[in-house]
Amino acid sequence: MASRSKILTLFSSSTCSLCTTAKESILRVQKKQPFELVVLDIHKEECPKEYADKYMFDIPVVHLNNQFLTMHRVADDKLSDALKKFDATGVVEKIK
């Protein structure tokens, strides 16, 4: 089965240490499971104001294909499982 197109968006900030850790985890998973990664700094114009306001105190936040996936911490195994489930079903299941 061909894998589905996946775009992960990481809402982040240059001053957020949890964001750095989350990005490292995401990049490790990306080496094994291909997807596009978009990183948006919530303090820059590149980030839609709606999300900058919404996630101001919750970064890092990750979306999969424009749907909320997880926030605060990104575990390699849980992200990998969520991507596999999405490939199989097309459903974005929030990581708990």
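Visitor: In what order do the four strands form the open sheet, and what is the pairing?

Guide: Strands are DSSP E runs of at least two residues and helices are H or I runs of at least four, numbered from the N terminus, while two strands pair if DSSP finds at least two bridges between them. In this predicted model, where local features need pLDDT of at least 70, side-chain atom pairs count only at pLDDT 80 or more, and totals for chains, interfaces and linings use all residues, the order is β2-β1-β3-β4 with mixed pairing. The edge strands, β2 (36-41) and β4, each pair on one side only. Residues are numbered from 1 along each chain as its sequence is written, and side-chain values use heavy atoms, with hydrogens and water left out.

Visitor: How many bridges join β1 to β3?

Guide: Strand β1 (residues 7-12) and β3 run antiparallel and are joined by four bridges; leucine 10, for instance, has valine 62 in β3 as its bridge partner.

Visitor: Which strands does helix α1 touch?

Guide: Contact means heavy atoms within 4.5 Å, and by that criterion α1 (residues 17-32) packs on the sheet, touching β1, β2 and β3. Angles run from 0 to 180 degrees between N-to-C directions, with axes fitted to C-alpha atoms, for helices over the stretch in contact; the direction of α1 makes about 165 degrees with that of β1.

Visitor: Where is the cis peptide bond?

Guide: The cis peptide bond joins isoleucine 59 and proline 60, with omega about 0 degrees, and proline 60 is found in the loop between α2 (49-55) and β3 (61-64).
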